[in-house]
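Good morning. I will walk through one model, starting at the DNA and then moving to the helices and strands. Please keep the structure open while I talk.

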Number of protein chains: 2
Amino acid sequence: MPRDRLNVLLRGAGLRVTPQRVAVLETLATGRHLATCQDLWRRAQRRAAGLGLVTAYRILERMRDAGLVEQIDIRGTAYFGLTDRHHDHTICQRCGTIEATDGCLLDSLAGKRLRGTGFLVQGHRLDLLGLCHACQQAV
Amino acid sequence: MPRDRLNVLLRGAGLRVTPQRVAVLETLATGRHLATCQDLWRRAQRRAAGLGLVTAYRILERMRDAGLVEQIDIRGTAYFGLTDRHHDHTICQRCGTIEATDGCLLDSLAGKRLRGTGFLVQGHRLDLLGLCHACQQAV
DNA sequence: AGTGTAAACGATAATGATTTGCATAAGCAA
DNA sequence: TTGCTTATGCAAATCATTATCGTTTACACT
């Protein structure tokens with residue numbers, strides 16, 4: 001993703017452009033999967049030396065509130081990804097292993113085994129992400 | 001839910017029947033929504049005095065591994081519910097408020113506002129819950 | 001009913017991710 | 001460039017969850 005595009009994204013979301021934010025956003029755009037804050041922080045340091053972990057947390061929080069980033073919590077840790085992507089996963093209820101599904105599959109899967117991984121589907125979780133009525137006012 | 005049914009559930013899942021487990025399971029069956037471990041623990045104490053918080057965690061973990069219970073993590077904390085129910089939610093990306101959706105709605109919702117609550121849908125999260133290949137062997 | 005053993009329990013103390021407070025530095029509108 | 005606001009970095013606090021360990025209990029087999 002070109003640097004300009006990142007700046008536009010940030011400005012468009014009403015966020016100041018700082019090297020740290022660009023670094024985190026760029027890192028986010030580079031990776032193909034969801035990532036934890038710690039992970040992003042470690043990787044983003046190549047682009048912004050001295051970046052603090054706490055800052056990474058704040059940046060992700062800010063971008064999440066601005067709608068640029070999506071936060072998803074799995075087994076006690078938060079994962080982040082760009083909002084414009086699809087994030088469908090299989091999550092093993094026993095060992096917690098997370099894998100992305102190939103396409104966007106949906107209904108009547110219970111009891112079925114997914115082709116490829118052999119994951120046995122027992123149930124599903126669907127969360128609609130967005131803004132509640134109150135927060136829409138507060139923009 | 002009758003006490004017998006609970007025992008059958010536990011036994012059927014290969015779990016020993018203890019007053020603590022019955023208490024937690026009963027509490028889970030009583031509540032209409034997902035609940036945190038702390039919450040379940042507090043409520044289950046009416047049925048099993050002296051129940052330890054750590055025990056509640058272990059019971060839920062055990063029942064989750066046995067497939068009786070579904071664990072869902074939101075904003076850094078785990079929520080639990082019986083597996084046999086549907087759990088579709090709206091989650092505000094700003095304030096974190098979680099609400100259950102009325103029915104089971106699915107596609108082409110992005111950008112729409114939900115009737116009733118006015119929740120603005122920006123994206124969604126779909127997790128398929130079940131067992132990975134390795135864990136299926138280990139049963 | 002009595003007994004042995006693996007599994008469950010309760011309390012306390014770690015762990016690890018996330019937040020908070022505060023002083024300093026940097027973005028950006030005028 | 002100046003000034004005001006917001007962002008950053010660090011150290012310490014918080015909070016859910018996990019690990020440890022000694023004690024108790026469920027339950028299969030007498």
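Let me start with DNA strand C, which has 24 residues around it. The closest are Ala78(A), Thr18(B), Gln20(B), Gly52(B) and Thr55(B). Before going on, note that this is a predicted model.

Helix 4 of chain B gives the most, with 4 residues. Sorted by class, the surface near DNA strand C has 10 nonpolar, 9 polar and 5 charged residues.

Now the other DNA strand. DNA strand D is surrounded by 24 residues, and the closest are Thr18(A), Gln20(A), Gly52(A), Thr55(A) and Ala78(B). Two or more residues of this surface come from each of helix 2 (19-30) and helix 4 (53-65) of chain A, and likewise from helix 4 (53-65) and strand 3 (77-82) of chain B. Which element has the largest share of the surface near DNA strand D? That is helix 4 of chain A, with 5 residues. The residues near DNA strand D divide into 10 nonpolar, 9 polar and 5 charged.

Next, how the helices pack. I begin with chain B. The axes of helix 2, residues 19-30, and helix 4 of chain B come within 10 Å and cross at roughly 75 degrees. Helix 2 and helix 4 of chain B are therefore roughly perpendicular to each other. Helix 2 of chain B brings Gln20(B), Arg21(B) and Val24(B) to this contact, and helix 4 of chain B brings Thr55(B), Ala56(B), Ile59(B) and Leu60(B). By class, that contact has 4 nonpolar, 2 polar and 1 charged residues. Two of these names have come up already: Gln20(B) and Thr55(B) are also among the closest residues to DNA strand C.

On the helix 2 side, the residues are Ala23(A), Val24(A), Thr27(A) and Leu28(A), and they meet Leu40(A), Arg43(A) and Ala44(A) of helix 3. The residues of this contact divide into 5 nonpolar, 1 polar and 1 charged.

The second contact is with helix 4 of chain A. Helix 3 of chain A passes helix 4 of chain A in a right-handed crossing. From helix 3 of chain A come Cys37(A), Gln38(A), Leu40(A), Trp41(A) and Ala44(A), and from helix 4 of chain A come Leu53(A), Ala56(A), Tyr57(A) and Leu60(A). How many charged residues does this contact have? It has no charged residues, with 8 nonpolar and 1 polar.

Last, the strands. In chain A, strand 2, residues 69-74, pairs with strand 3 in the antiparallel sense over 6 bridges. Within this pair, Glu70(A) stands opposite Gly81(A). The two strands form a hairpin with 2 residues between them, and Arg75(A) in the turn has a positive phi of about 50 degrees.

In chain B, strand 2, residues 69-74, and strand 3 pair in the antiparallel sense over 6 bridges. Where does Val69(B) sit in relation to strand 3 of chain B? Val69(B) stands opposite Leu82(B), while the bridge partner of Ile74(B) is Thr77(B). The hairpin of these strands in chain B has 2 residues between the strands, and Arg75(B) takes a positive phi near 50 degrees. Strand 3 of chain B also pairs with strand 1, residues 35-36, in the antiparallel sense over 2 bridges. There, Ala35(B) stands opposite Phe80(B).

To return to the DNA, strand 3 of chain B is one of the elements that give two or more residues to the surface near DNA strand D. That is where I will stop.

Key. Residues numbered from 1 in each chain as written. Chains lettered and ligands numbered in written order. Predicted model: local features only at pLDDT ≥ 70, side-chain atom pairs only at ≥ 80, totals over all residues. Near = placed C-beta within 6 Å. Nonpolar A, V, L, I, M, F, W, Y, C, P; charged D, E, K, R; others polar. Axes fitted to C-alpha atoms, helices over the stretch in contact; angles between N-to-C directions. Parallel < 35°, antiparallel > 145°, perpendicular 65-115°, else oblique. Contact = placed C-beta atoms within 7 Å. Pairing = 2+ DSSP bridges. Left-handed = near helix turned anticlockwise from the far one by under 90°.
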